[in-house]
Amino acid sequence: MKTIHVATTVNGDAVEFICAPEESLLDVLRNRLGLTGAKEGCGSGDCGACSITLDGRLVCSCLVLAAEAEGAEIGTIEGLAIGDALHPLQQAFIDHAALQCGICTPGILVAAKALLERNPDPTDTEIRYWLAGNLCRCTGYDKIIRAVQDAAKKMRAA
Amino acid sequence: MVTVTIWGNLRAYTDGRATLEVEAASFKQLLDRLALDYPGLRPQIARGVSLALDGRIYREAWFTPIKPDSEVVLMPYMAGG
Amino acid sequence: MALDPTGKRIFKVVGTRPPRPDGIDKVTGRALYGADVSAPGMLVGRILRSPHPHATIVAIDTSAALALAGVKAVVTAADFAPQTDPTLRDIQDNCMARGTVLYDGHAVAAVAATTAAIARAALKLIKVTYAPLPHVTDVDAAMRADAPVVQAGRALESVPAGMPDNVTHRCEFGHGDLDAAFGGADLIVARSFTTAATHQGYIEPHACLASMTGDGKGDLWCCTQGQFNVRTICAALLGIEASQLRVTASEIGGGFGGKTNVFIEPVALALARKSGRPVKIVMARDEVFRATGPTVSSSIDVKIGMTKSGRITAAEADLRYSGGAFPCLTIEMGAQAAFAAYDLAAVRTIGWNVLTNRPKEAAYRAPGAPQAIYAVESVIDEACQKLGLDPLEVRLINAAKKGTKSSYGPTFDDIGLLATLNAAKAHPHYRAPLGPHQGRGLSAGFWFNFGGNTCVSLNVNTDGTVGVTEGNPDIGGSRAAISQMAAEELGIPYAQVRTMIADTASLGYNDVTDGSRVTFAVGLATIKAAQDATRKMCARAARIWGIDPEAVEWVDGAAVPAGPNAGKFPPLTLAEIAAVSFQTGGPIAGHHEFNADGAGVSFGVHLCDVEVDPETGATKVLRYTVFQDAGRAVHPAYVEGQMQGGAVQGIGWALNEEYIYGPDGRLQNAGFLDYRVPVASDLPMIEAVILEIPNPGHPYGVRGVGETPIVPPLAAVSNAVSRAIGVRMNRLPMSPPRVLAALGAKG
Amino acid sequence: MRYAKPETATDAARLLAAEPGVARVLAGGTDLLVQLKAGLVEPDLIVDIKHIAGLRDITPEAGGFRIGAAVSGAQLGEHAGVRALWPGVVEGVTLIGSTQVQGRATMAGNLCNGSPAADSVPALVAAGAVAQIAGPDGARDCPVLEIPLGPGRIALAKGEIIISILLPARPARSGDAYLRFTPRSEMDIGVASAAVALTLDDGGRVVAARVVLGAVAPTVRLVAPAAEALIGTRLEDGALAALAAACSAACSPIDDKRGTIAFRTEVAGVLARRAAVIAYHRAGGRK
């Protein structure tokens, strides 16, 4: 069964891999590129734990064929921090205890970053509807909304 | 002598009595004595019984001392979630 | 230890909100969960599951699968030595069906292959011949004499003779003369309720990586709430000694009781042993729903008697739970918890467990209590409405308190229900005005909380930092709380303590992370281990000063002479003692191993406002407030997190979550699309009000808080909806079609 | 399975037509990959149309807009022109799935998946949208209404693909709206849905209307009697009641894990009534 060679960019680094045609981008990130930050919670686009950005657009990597990544710009959770300097959202999630088990946290952080890049001053409701595709079962979402608001305020002031 | 309260469905094996007088100074002695006096209790004791002593619950502590004036209540072994 | 004017201890670290030790790994994606680890030569394992709800396995032909290139091993029940102990036999049969499949999704065989694609293809080549049998999925239907028999001969001695085979247990609790007490009531309300089975809904599917050496030594990496329990069960199922198997708990992506047992772990080990190579199994989401443990489905009758002034004179409940195709004792917890919040002269609860062709139940956060309290709090709310009484006042009149004989037997010690109710009464939420089609629901609930087997070792490093090694996987932030208690007891800053979770080869046995036990029991063991270490450090200081060890005490992080005549010596701090530990006798460590008792119950009161769209039956939660007694909130942010998370699981359970079976006995919604957990845009902020009524059983007064939050919300939401639409709702979930039908029936 | 990335519509159509086995078109992939992962479909060929020139463009045409088949819901939702012209259509598309799904899902894909509950289709039909279809031997136009044939079945021959959807010009004093019912506020498949497009005269009376229901029949359903209930009215209560009754009468839904026949039938009428009021306001009517 013919494999496909893909050249793409992940978190700013040039990356090449081979994959099977039906292999998802999530499977490649996790099993071939060792980037296990994106998680598979459902495999059907219903939980958001595998969220990444593809050419700047927030998507579920389980619903993208790895072959489609050719020439694309991929952003994953591993690209949020610059060296050991956390992104304001990452720091806010720690400060506000906006995570418990943390399995949904990578997907939510990538989604929240994509939101703030479009809407630096969102209302609580806007945050909640933007993050509706990121399921969290531990926190009840309350502290997540507060953490995103806190990070947004800091980023606006920066 | 200690007064032990047992729960509803165990009373089928103590000819209906809800409280029993038992000679025991520790949880293990209490369980052994009950098993002796009331063979019908043995399956439940084998499955696990917790002891509520003066409102404090001991899940399986054999040597918990029991004073004669303590409130002693048996409870099914607690399984968690 | 500093005391405040009233003699109460002043805490420096406990009660603060420091960052958790695993926070950075989790926000950067570095934290390693069950599926995040691989090994050289690793095979991919996949499990073949029954499409039938109930069938005899006539034959399994794995030859074609084995012949497929890339397939290295196939296992069936034949690869597991039959167990004599019934509990282990049920677990084994649930991991791999033996002779009969008992529910849609029951594991029948498993393969290990070099790639996932080959493993999937191999499953299709396994030919299983089934002889379908009649099935039953409803708890009341399963209790009828003519019901299909799920398993025969499983009834305990508690089941009266002549009951159908599916009835495996009967329990009864309570005290007093019911008939007389019902006689004294001005109003009697009796109503029946049903609740659907719901799933814990953790976002991380079960995953593990197993390997076995030629000489029978096993290594297992898995997401679990209890690696020691996994070792015990897997060693038994694989027929090896516990010492031969090391289990390492990965970071866990949620559990809520659903990861307190095993599903794929014994299968992965069996495949690893048979293939001689590491095997990784990761469940797909549909497997998690079909074949891991939802909580019990229930059918409950409740009857209470109440005077015109709101005093409950008598209370009675008959609770019928089904824990799926295998016997289950969760009914005992529900039957005991039902009326626990009330001071009752006469109370009786009768509980039944009934087998159905559904997956084997696993605990789901205060297992059995949410269903029971939902029925009880609904009936009490209905009585309040009928008598025109304030539901909170009625709770205050009847609340259990210190000295109350509980409905499940023991007399309560210090408990926080009254304080929690009064906090709710004083809170602005309780008096806020309501608009049209809006309703406010109130509900009170509790959980027993446990102690359990616990081991902690606390190592003082020569640089003055401290490592706490404990054995309980941390879902909700317990590592932070344990580090806080260690720092508090040692008198050093939180940042100098690091708490790690050990594998089964590095620490004594620890019970599973469940029963809201970790902050209580592991915290208690940590405090005692710290005291063990400070005693040893005081002895070192005594030898350095040349005085009697009894004359040295530990104050604010340092050894000091105990009193004036012990001698004038400047304090020796932990760091100073640690720096010379090699020279004064060797490394310093404190240990504590015990079976903790004295856990304190935790009561919660919830207030919920909803608005119901009368034209569609849709319910919107407008406001939600949780009041709960934590005894001592070690890390308030994570106590709030438990309160908020449990409330939202309860909201999902009340409004949209359910296992939906059709007449064919197959699960129809095995995915997050149609198993509808609450999403962010469904909810308001969840306000959490923490109360602290110290638990006498813990030096800092800590009570477990993890499970109570899911107990009240089912009724809080249901009472709110019932008041909003003027129709008493008695079935969960209150999906919009059911609410609209109730509105239509009201006319 | 083979993966192809043709750069012209004709190449795509030829590839699909020539494939003896199972072939699927990949635009957003948010339906296809779910079916692939669940093993519901095992294609021999997947044709990714996102690299065909023009298919990711939104271009003004004849007073309306031509939306490329590979335009995602997110992209459409950010287009001020389309939002202003046909807000109901944009509402339908942007309700599909989560923000993440919006980053990929396309109108054409939603239409071709053939689900009776497809969110984008009712408003497209209400707006009178027309799909441009490319085949091995040239292109043809087909009203969106005629494309769904039943659950999972569409009126495209083997080798045909939708390359764009034309949203026509909107007459003066007209407006559209789309509403759907889902148990949760997001993430669910519509249990019932309704789109209304209407045009008013200068006195605020309805002169033209299209009322379209989703998730209450094997395909989307254009309900003429419901439209007639609005003609000549200013959406007085009687007219709205008649609209709702006509909609409920047109329903032939099923009982399933999402809703009951009774629920879908009643709520379809409620949604149509509410959508009509929104469309009426958008058209400049005051009620």
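**Figure 1. Contacts along the sequence of chain A.** Among the contacts that chain A makes between residues at least 6 apart in sequence, 60% join residues at least 24 apart, as seen in this predicted model. Chain A holds five helices and five strands, and, read along the sequence, these elements follow the pattern β-β-α-β-β-β-α-α-α-α.

**Figure 2. The overall dimensions of chain A.** Taken along the principal axes, the C-alpha atoms of chain A fill a box of roughly 50 × 30 × 25 Å. A compact globule with 158 residues would have a radius of gyration near 15 Å, and therefore the 16 Å of chain A agrees with that expectation. Of the 158 residues of chain A, 65% count as buried.

**Figure 3. The side of chain A that touches chain D.** Here 24 residues of chain A are in contact with 22 residues of chain D. Two elements of chain A, strand 4 (57-60) and helix 4 (124-130), are those that give two or more residues to this side, and the largest share, four residues, comes from strand 4 of chain A.

**Figure 4. The fold of chain C.** Chain C has 20 helices and 27 strands. The radius of gyration of chain C is 27 Å, close to the 27 Å that the globule rule gives for 747 residues, so chain C is as compact as a globular protein of that length. Along its principal axes, the C-alpha trace of chain C spans about 85 × 75 × 50 Å, and 63% of the 747 residues of chain C count as buried. Among contacts in chain C between residues at least 6 apart in sequence, 79% join residues at least 24 apart.

Terms used. Residues are numbered from 1 along each chain as its sequence is written. Chains are lettered from A and ligands numbered from 1 in the order in which they are written. This is a predicted model: local features need pLDDT of at least 70, side-chain atom pairs count only at pLDDT 80 or more; totals for chains, interfaces and linings use all residues. Two residues are in contact if their C-beta atoms, placed from the backbone, lie within 7 Å. The radius of gyration is taken over C-alpha atoms; the globule rule is 2.2 Å times the number of residues to the power 0.38. A residue is buried if 20 or more other C-beta atoms lie within 10 Å of its own, exposed if 12 or fewer, and partly exposed in between; C-beta atoms are placed from the backbone.
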